[in-house]
Amino acid sequence: MTNPSSKATVPGSRELQTSSSSPGGAATSTKSDGGANPYEPQVMGFFKKVGMHDPNVENYSSRDFYSNLLCNTLKTHTVRRGHVTCFATVTPAVANYFGGLHGGAVAAIAERVAIATTRTVVGEDKEIFLVDLGMSYLSAAPKDAELIVDGAVVKSGRNITAVSIEFRMKKTGKLLFTSRATFHNSPLAKL
C-alpha cells in the first residue's frame with residue numbers, strides 16, 4: 001500500500017510538496033517545482049537582520065572552521081601551569097537573536113579554554129578526551145562586551161583532570177557563566 005503524498009501551503013508562497021512515497025515505500029523529500037527553495041529569502045533575511053549574512057556559506061564547511069570562528073573572538077592573555085586567562089569579545093558572529101553571546105558559543109569557548117588549561121598540566125605524551133562539560137548560564141553577555149575567561153585546574157590525577165572556567169565582564173567583574181570540564185588522560189598508543 002502506498003502512502004499519499006502530503007502537501008503544505010505557506011502563506012504568500014506556492015504549494016510545496018514535502019514528502020512522497022518512493023517505490024520501495026520510503027519517504028523522500030523534494031524541493032518545490034521551481035527548483036529553488038521558497039524559504040531561502042526568508043532565512044537569508046533573518047540572518048541579515050541578526051548580522052550573520054554572508055553569501056559565502058560554503059566556506060564555513062571546511063574541516064576546522066570552528067577554530068577560525070573562535071579565533072576572532074578569543075585572545076590569550078596569560079598562561080601558566082594550571083591556569084589560562086583569555087579575553088573574549090561578543091561579536092555578531094557569536095551573538096544570538098537577542099544580541100547576547102550565544103549559548104553554543106559560550107560552550108565552545110569554555111571547551112577551548114578547558115583544553116588549553118588541561119594541556120598546562122598534562123603532557124603531550126598523553127591524549128585528552130572530554131568526558132563531561134557542564135555549563136551554568138547566569139546572566140547574558142551583551143553584544144560588543146569584553147569578557148575575561150579564566151580556566152583553572154581543580155584536580156589533576158593520573159587518568160582524570162577537572163577544570164573550572166569562569167566568564168566575567170571585563171569592566172565590572174560580574175560573573176556571567178561558569179563551566180566545569182572533566183578530561184580523561186590516556187597515553188598515546190605506540191604501534
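Before the first click, a cut-off: a residue is called buried when its relative accessible area is under 20%. One more thing to keep in mind is that this is a predicted model.

**Stop 1: a threonine on a helix.** Select Thr-117, which is found in helix H3 (residues 103-119). Is Thr-117 buried or exposed? Its relative accessibility is 0%, so Thr-117 counts as buried. Now show what surrounds Thr-117: leaving aside residues up to four places away in sequence, it touches Gly-82, His-83 and Val-84, then Gly-151, Ala-152 and Val-153, and also Val-163.

**Stop 2: the aromatic pairs.** How many aromatic pairs does the structure hold? There are 3. Start with Tyr-97 and Phe-98: the ring centres are 5.4 Å apart and the planes sit at 85 degrees, so this pair is edge-to-face. The cut-off behind that label is an angle over 60 degrees between the planes.

Next, pick Phe-167 and Phe-177. Here the centres lie 5.5 Å apart with the planes at 85 degrees, so this pair is edge-to-face too. Colour by secondary structure: Phe-167 belongs to strand E8 (residues 160-169) and Phe-177 to strand E9 (residues 175-187), so the pair ties together parts that are 10 residues apart in sequence. Phe-167 counts as buried, at 0% relative accessibility, and Phe-177 counts as buried as well, at 3%.

**Stop 3: a lysine over a ring.** Go to Phe-87 and look at what lies over the face of its ring. That's Lys-170, at 4.3 Å from the ring centre.

Stop 4: For context, most residues other than glycine have a negative phi. With the surface still on, check Asp-144 again: its relative accessibility is 56%, so Asp-144 counts as exposed.

Terms used
Residues numbered from 1 in each chain as written. Predicted model: local features only at pLDDT ≥ 70, side-chain atom pairs only at ≥ 80, totals over all residues. Heavy atoms only, no water. Phe/Tyr/Trp six-rings, centres within 6.5 Å; stacked < 30°, edge-to-face > 60°. Helix = DSSP H or I, 4+ residues; strand = E, 2+ residues; numbered from the N terminus. Buried < 20%, exposed > 50% of the residue type's maximum accessible area, 1.4 Å probe, protein only. Lys NZ or Arg CZ within 6 Å of the ring centre and 35° of its normal. Contact = heavy atoms within 4.5 Å.
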